[in-house]
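Good morning, and thank you for making time for this presentation.

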Amino acid sequence: MSVIEAPTATVSLDGPPVVPPGPERHPVRTAVMYVLITVIALGVLVPFVWMVSSSLKNNNEVFTVPTQWVPREFQWHNYVDIWSRIPMTTYLRNSLFLSLTITFLQVLTGSFAAYGFSKVRWRGRDALFVAYIATIAVPWQAYMVPQYVMLQKAGLVNTFWSLILLQAFGAFGVFLLRQYYLTIPDELCEAARIDGLSEYGIYRRIILPLSKPALASLALLTFVATWNDYMGPFIYLTSNDLWTVQLGLKSFVGLFDGDYAMIMTGSVISVVPILVIFLLGQKYFIRGIATSGLKG
Amino acid sequence: MAITAAPPTAPTAPSSARTTGKQSRRNTLIGISFILPNFLGFALLTLVPVVAAFGLAFMEWDSYNPAEWVGLDNFQKMFGSDTFWIALRNTLYYGLGHVPLTLLCSLGLALVLNRKLRGVRFFRTAAFFPYVTSMVAVAVVWNMLFNPTMGPINQLLTTLGVSSPPGWTSSSDWAMPAVIITSVWRDMGYYMILFLAGLQTIPVEYYEAARVDGANAWQRFWHITLPTLRPTTFLVLILLTVGSFKVFDLIVVMTDGGPGRATLVLSQLIYREGIAQGDFGYASAISLVLFVIVLLVTVLQFRLGERKDR
């Protein structure tokens with residue numbers, strides 16, 4: 001399985017592009033290139049433009065021939081009205097609570113376990129790690145039914161506990177952090193041991209501070225995945241006051257499917273927090289993906 | 001598995017065999033104490049269900065009746081059910097569209113965006129952003145774009161001279177292509193990152209040498225870029241294939257398997273039978289089939305990958 005490792009961890013969205021330097025970099029070629037990537041970027045971004053522009057229209061202006069890309073009159077009140085149409089505050093609060101709790105637990109237990117899998121030597125360690133990794137390869141759909149039965153018998157269906165238990169102890173986080181810890185030289189821990197630091201002390205005082213970038217990567221990936229998750233909440237949360245933004249948005253579409261503008265307003269509100277987090281933490285986000293290549 | 005061999009234990013202090021034994025027991029306890037918090041959750045909610053799934057597939061069990069061993073009955077029922085075959089066919093159809101198209105688009109994006117251009121950073125961010133957008137928002141927006149009468153996509157097609165543009169999600173022939181297009185749009189940025197990482201490992205000297213030898217752009221791509229990217233392409237191919245068998249969110253929100261059963265996929269069938277209907281045994285049998293298919297495809301791809309390596 002060593003193939004499942006990205007060739008390098010140095011990529012970033014603003015990393016130095018490697019371009020074969022050569023005689024043919026003349027202005028016409030560069031211009032053509034710009035036109036090409038602008039067309040591509042427009043194609044990629046059009047759905048977002050549609051989303052934002054429709055969210056600022058009246059319902060009857062969303063579908064027009066020809067399509068109106070800029071609203072004739074900006075209906076800012078959509079962004080006020082939606083809070084009274086659906087319990088948006090509750091949905092956002094639930095999503096935030098789940099994302100923060102799951103991210104915190106995943107990073108905490110994941111980094112702890114990753115230390116045990118990389119810096120302490122003990123019998124059976126590598127065999128257990130293989131078991132961890134093997135489950136990443138098993139599709140979740142293959143064991144979601146027994147999981148559901150167990151949580152149902154435990155009376156945890158339709159509580160946040162079910163989702164927290166399901167998503168906070170993932171093997172993926174352990175894998176990602178272990179890969180990073182392996183790059184921290186063992187001599188560092190060895191020196192600390194000689195100085196009389198316990199293993200827990202080494203974890204807290206040396207490894208944790210050194211692995212901040214990796215922790216940030218894992219935290220961002222987990223937060224975004226939990227915020228965006230539909231399947232988990234869809235299966236486990238049935239009462240309206242526990243719903244996340246994703247469930248709330250989906251049910252809104254089902255209830256008022258002609259209310260195009262308001263649906264787009266809700267979509268924009270559900271996407272904005274992720275946009276902000278992504279733009280702020282882009283570097284860590286991309287690094288996490290490039291080092292693991294093993295998400296999803 | 002890329003487990004780095006444990007370096008030989010450096011004798012930090014002269015120690016007798018007995019203290020080493022004691023030391024190793026202590027180490028084991030410490031090691032386990034680090035793993036335990038994560039392991040408890042992981043074992044209970046992943047390891048146990050994975051094992052249980054195998055057993056459940058051979059049982060008849062629902063919320064009302066006690067579990068009963070029924071051997072291969074579930075599989076017999078499954079292979080005789082046309083819904084199962086439709087879901088299997090749809091899943092393969094989705095994969096056959098999603099995997100090659102996403103591969104091509106993400107490779108294309110990576111090639112175009114792997115150069116020194118002003119603003120390239122913005123373009124990479126733009127290409128990646130759909131991947132962090134939630135499936136619900138993505139599905140809702142594309143459903144509107146695909147609106148058969150008033151949507152911008154069909155308006156564009158009409159302008160381009162298509163007299164009767166497809167009905168997309170409201171037509172059983174075009175619902176799956178609509179889902180595939182949406183999924184390619186969402187996922188290509190993610191795989192672009194992996195390709196960019198691969199492209200940045202190619203030494204510039206290769207290209208310089210090829211240019212000295214008079215190779216044109218196409219030849220350089222074909223003889224240097226593609227072969228050097230092989231490990232990345234292989235990784236992307238596996239991730240894409242496994243991902244395409246797991247598709248759920250997008251389909252549930254965009255078409256809910258419809259119209260009729262036109263976009264019903266395996267993981268959705270597992271949900272319907274096992275969780276909505278409560279037929280745990282039968283759903284587990286379908287899960288087992290899904291798992292075996294994913295496993296076979298992965299092993300097959302590894303084999304092919306190895307053969308090409310020689």
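In which helix of chain A is the place of A:N94? A:N94 lies in helix α4 of chain A, which covers residues 88-118. Please bear in mind throughout that this is a predicted model.

Is A:N94 buried or exposed? Its relative accessible area is 5%, and the cut-off for a buried residue is under 20%, so A:N94 counts as buried. Setting aside neighbours up to four places away in sequence, A:N94 has contacts with A:F160 and with a run of residues made up of A:D241, A:L242, A:W243 and A:T244. As for distances, A:T109 is 15 residues from A:N94 in sequence, and their C-alpha atoms are 22 Å apart in space.

I turn now to chain B and to B:T91. This residue belongs to helix α3 of chain B, residues 82-113. With a relative accessible area of 1%, B:T91 is buried. Which residues does B:T91 touch, once those within four places in sequence are left out? They are B:S244, B:F245, B:V265 and B:L266.

Next, the nonpolar cores. The largest of them comprises 180 residues, and A:F285, B:L113 and B:F128 have the most contacts inside it. Helix α7 of chain B, residues 175-199, supplies the largest share of this core, with 15 residues.

Beyond its neighbours in sequence, B:F128 is in contact with A:F278, A:F285, A:I286 and A:I289 in chain A, and with B:G189, B:Y190 and B:I193 in chain B.

Finally, I come to the packing of two helices in chain B. How do the axes of α5(B), residues 135-145, and α7(B) cross? They come within 11 Å of one another, at an angle of roughly 135°. That angle is why α5(B) is described as oblique to α7(B). The crossing of the two helices is right-handed.

At the residue level, α5(B) contributes B:M135, B:V138 and B:W142 to the contact, where they meet B:I181, B:T182, B:W185 and B:R186 of α7(B). By class, the residues of this contact are 5 nonpolar, 1 polar and 1 charged.

Thank you; I am glad to take questions.

Key:
Residues are numbered from 1 along each chain as its sequence is written. Chains are lettered from A and ligands numbered from 1 in the order in which they are written. This is a predicted model: local features need pLDDT of at least 70, side-chain atom pairs count only at pLDDT 80 or more; totals for chains, interfaces and linings use all residues. Side-chain values use heavy atoms; hydrogens and water are left out. Helices (H or I, at least four residues) and strands (E, at least two) are DSSP runs, numbered from the N terminus. Buried means under 20% relative accessible area, exposed over 50%, partly exposed in between (1.4 Å probe, protein chains only). Contact means heavy atoms within 4.5 Å. A nonpolar core is a set of buried Ala, Val, Leu, Ile, Met, Phe, Trp, Tyr and Cys residues joined through side-chain atoms within 4.5 Å. Axes are lines fitted to C-alpha atoms, for helices over the stretch in contact, and angles run from 0 to 180 degrees between N-to-C directions. Angles under 35 degrees count as roughly parallel, over 145 as roughly antiparallel, 65 to 115 as roughly perpendicular and the rest as oblique. A crossing is left-handed if the near helix is turned anticlockwise from the far one by less than a right angle, and right-handed if clockwise. Ala, Val, Leu, Ile, Met, Phe, Trp, Tyr, Cys and Pro count as nonpolar, Asp, Glu, Lys and Arg as charged, and the others, Gly among them, as polar.
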